[in-house]
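Please keep the model open beside you while you read.

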Amino acid sequence: MAGYNFQEIEKKWQKYWAENHSFRASNDSDLPKYYVLDMFPYPSGAGLHVGHPLGYIASDIYARYKRHKGFNVLHPQGYDSFGLPAEQYAIQTGQHPERTTATNIARYREQLDRMGFSFDWHREVRTSDPQYYRWTQWIFLQLFNAYYDKKLDQARPIDALVAHFEAHGNHNLSAACADDVLAFDAQQWASFSSDEQQRILLDYRLTYISETEVNWCPELGTVLANDEIINGVSERGGYLVTKKKMKQWSMRIGAYAQRLLDGLEHIDWPESLKEMQRNWIGKSEGALVHFPVENHSAILDVFTTRPDTLFGVTFMTLAPELELVQQITTDEQRSAVNAYIEQTQQRSERDRMADVKSISGVFTGAYALHPLTQERIPIWIGDYVLAGYGTGAVMAVPCGDQRDYDFAKHFDIPIKNIFANTDISTAAYTEKSSTTVLKDSDFLNGLSYTDAMERVLNHLEEHGCGKRRINYRLRDAVFSRQRYWGEPIPVYYKNGLPHPLAEHQLPLVLPNVEQYLPTPEGAPPLGNATHWAWDTVNEKVVANSSIDHQTVFPLELNTMPGWAGSSWYFYRYMDAHNSDEFVGKKAAQYWREVDLYLGGSEHATGHLLYSRFWQKFLFDRGFLPVDEYAKKLINQGMILGTSALIYRKPGTQIYLSKGLINEQEVEPIRVNISLVNAADELDCEALRQWQPQFTEATFEKEQGVFKVGREVEKMSKSKYNVVNPDQICEQYGADTLRMYEMFLGPIEQAKPWNTAGISGVYSFLKKTWRLFHPNNAFEVTDDAPTAAMLKSLHQTIKKVTHDIEQFSFNTCVSAFMICVNELSAEKCHHRAILEPLTILLSPFSPHMAEELWSLLGHQGSITQVNFPEYAEKYLVESTKNYPVSFNGKMRFTRELSLELSPKEIEAIILEDEQTQQQLQGRTPKKVIVVPGKIINIVG
């Protein structure tokens, strides 16, 4: 094979790798382990575009590098195969999501294989496989049968909690639980019925069912988590999201809030992502202050981080969705309050938190009593207060908080200044200065922030008006979805209470349904199943008509959320075929955790937080050896698309070439980039054929061509700017695609795709090929290489080794290009140089490297061959290319040994023909030699 026939080469070695299981990792190896993992993809119908493989290429380079360095590398891949798109397609077409998903997975696999990834496919997982989600259901049961012991700071079996109840009731118990738990003693516990005991236990279980205010998306027919909503609409589909009270399964992630914060200090994750998680968890230290409601039995508990400002409170604001609002609102204010509540329900919590400019609220007509002064304080509602954060109530101190200040000014509420020597005429005083002291604050007068905080906290606790409190913004995670295509929750209902299936009864498999929409009565899609009841005697799913509420009971109709299966999948890869455990003890002890995890930062407060929660829980229960599952995380940047835009005159079918726009009013319209050539010229006739809306279009051209505009933005099918990697592999080869994506820039940064730029990398690979095929045939010599060749090789080994370890893959590609240029100039075809260079290239362009390795006479794969190491002796400079100057002006250069003395250098230079030509028979006055730097002849 003379020419670089990448298509033949790539097919050959992909077939070899598959047949020889080249990338299978062993669970029983004496080699040190290294676990490289990509966030597994959701297999969408659109397949992969060139932006998707970026992280996969980077992880594959590192996995291959680690194999060369003598590690037993686990580099698996699978599919997060439960998801809304497949279900939406099923609703539209009636085709079962399982069929759609299988088709999409086959397409993904074809594309991934074509790019030469060294995945261990023997360990493939699919979250929608019953043999996988059996263990997701099993983990759910472990959470259901556990509670969080605050004293031990860990999860414990629910049986231990029952034993405490039997001995002490819930006295002397420090456990994560619902807010409204009533006290009881051991005797009372014994007197409760079984159902009453189960209801109490639900207040403590780590997964529980309760009536919760949720984000409801009518179009999708399901509840969404906060991280699945963007700007008040669903991330998937852009549908309106409202607030709704529903019975939902939730997970008590809040019990782990502090540990989730502490754990961030022990993992090598991007600091920006850690900060996102810290902000999401939202730790605050302060006080819980009790405000009685006038003429009402209710007590308003308010969490504040500034109890030192208690004497500055002039009003209170409650979250509109708080139940207490309806109880305390006066008749005169009820219609205004209800209207405001309805308005608030149309906004997501994220929108409300982000909107700092809008000011809105309504007075309830009710008053609270100041716990220290008994002053009447008006109670308002405002959408900037959230029911789920703190207690859903704010004590407003307008003199010290800008939002309270703006609210008070807007609604003409009095503002009381409690800060001495400060001006609040135009803005609140928000500093915590040690030099500013309090005034008009009774026993706090004259005290600074630090001193006043300690004094008021002591006072509140001594007088029963409040207590110290640490608060977290993190809410318990809603775990129900009103969808079909998800993991069934392994629970049946008896007397309205959830009862778990036994572990040996798993998996509870999704039933077939004819309709994927909610039932006419509004129940989730599983309500359409004719066989969805649990026979407790025969331990199997039976027909709904068999329900007798004695031995046959209805099953849970909700399914698990999308993040359930992705919260533990990294451990299933360790032991993918274990039918007895989700991961065996031996495999877990060997692999322990992921050494390198790659994925997008958009998962910071979703998957990456929930998975850490499950990890810590499973660690607590002794199922896993570590409480963080990923040592190092890299967030790869996004490859951006370059969209093509044409410009329409409003209200017409006239489109202007970009250069004709000038200052005219136009509407930009995106068109498919495949209709535009490298010179940004649009094929107008092809556009007419592309979509009916352009059939009758008029195109005003400039100099006979129609130029499009360009915009760099997210690569997306909806923007018509997607580049298919199959086309790149077909035209240039997978190795070119791999190297080009790395060459675009640092892995963490966003960068625009430019197909025109790929030819440079393709040319580099062809040039590399020619080092081995100088006369259009394979030709490698065993001659000793020159010092220049050795220097070029070892500089590259040193640079590439260092940069791979730093995940700086773009600079590696640059180093390869420099090396190949230098070796080409040296006419290097020497085995001693080209063999190590081939190994060096192997992680980046594995197909070419395998072929060259074979041509060099080696048997088998290059995969496990030791990575070359540089020798410092080849990097030491032995000569210097001296600039030779005459009266300060450089005239020529001469390469001389660095071991020569100044006298020897002077003698050599004076005898040089070029020197004689410059002197023209004159005798120089002086010769200045600076060893290793310059030579200057004066005279």
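Predicted model: local features only at pLDDT ≥ 70, side-chain atom pairs only at ≥ 80, totals over all residues.

1. Residues are numbered from 1 along each chain as its sequence is written, and side-chain values use heavy atoms, with hydrogens and water left out.

2. M276 has 38% relative accessibility, so it counts as partly exposed; buried means under 20% relative accessible area, exposed over 50%, and partly exposed in between, with a 1.4 Å probe and protein chains only. You will find M276 in helix α10 (residues 271–281). Helices (H or I, at least four residues) and strands (E, at least two) are DSSP runs, numbered from the N terminus. Leaving aside neighbours within four places in sequence, M276 is in contact (heavy atoms within 4.5 Å) with S601, A604 and T605. T605 is 329 residues away from M276 along the chain, yet their C-alpha atoms are separated by 7.2 Å.

3. Now for the overall picture. The protein chain has 28 helices and 34 strands, and its C-alpha trace spans about 115 × 80 × 70 Å along the principal axes. Of its 939 residues, 53% are buried. Among contacts with a separation of 6 or more, 70% join residues 24 or more positions apart.

4. Which residues have the most contacts inside the largest nonpolar core? They are I646, L682, W753 and F844, in a core of 99 residues. Helix α24 (residues 809–825) gives the most to this core, with 9 residues. Apart from it lies another core of 75 residues, including W269, L506, L609 and F623. A nonpolar core here is a set of buried Ala, Val, Leu, Ile, Met, Phe, Trp, Tyr and Cys residues joined through side-chain atoms within 4.5 Å. In soluble globular proteins, nonpolar side chains tend to be buried together.

5. W753 deserves a look of its own. Not counting residues up to four places away in sequence, W753 touches V50, I639, L640, T642, M715, V723, I728, L737, Y740, E741, L744 and I758.

6. Strand β25 (residues 639–648) has 9 of its 10 residues buried. Two strands pair if DSSP finds at least two bridges between them, and β25 has several partners to trace. β25 runs parallel to strand β30 (residues 751–752), joined by 2 bridges, with L640 opposite P752. With strand β29 (residues 709–714) the pairing of β25 is antiparallel, over 6 bridges, and S643 stands opposite E711. Strand β27 (residues 667–671) also pairs with β25 in the antiparallel sense, over 5 bridges; there the bridge partner of I646 is I669.

7. The link from β25 to strand β26 (residues 654–656) is antiparallel too, with 2 bridges, and Y647 stands opposite L656. These two strands form a hairpin with 5 residues between them, and G651 in the turn has a positive phi of about 75 degrees.

8. In α5, 13 of the 15 residues are buried. D129 caps the N-terminal end of α5, placing a side-chain oxygen 2.9 Å from the backbone nitrogen of Q131.

9. α5 lies across β5 and β9 (242–251), running at about 90 degrees to β9; axes are lines fitted to C-alpha atoms, for helices over the stretch in contact, and angles run from 0 to 180 degrees between N-to-C directions. Both strands belong to an open, antiparallel sheet of 4 strands in the order β6-β5-β9-β17. Its edge strands, β6 (222–224) and β17 (477–478), each pair on one side only. Strand β5 (residues 207–217) and β6 are joined by 3 bridges, and C217 stands opposite T222.

Notes: Polar contact = N/O pair within 3.5 Å; in protein donor to acceptor, adjacent residues only side chain to side chain.
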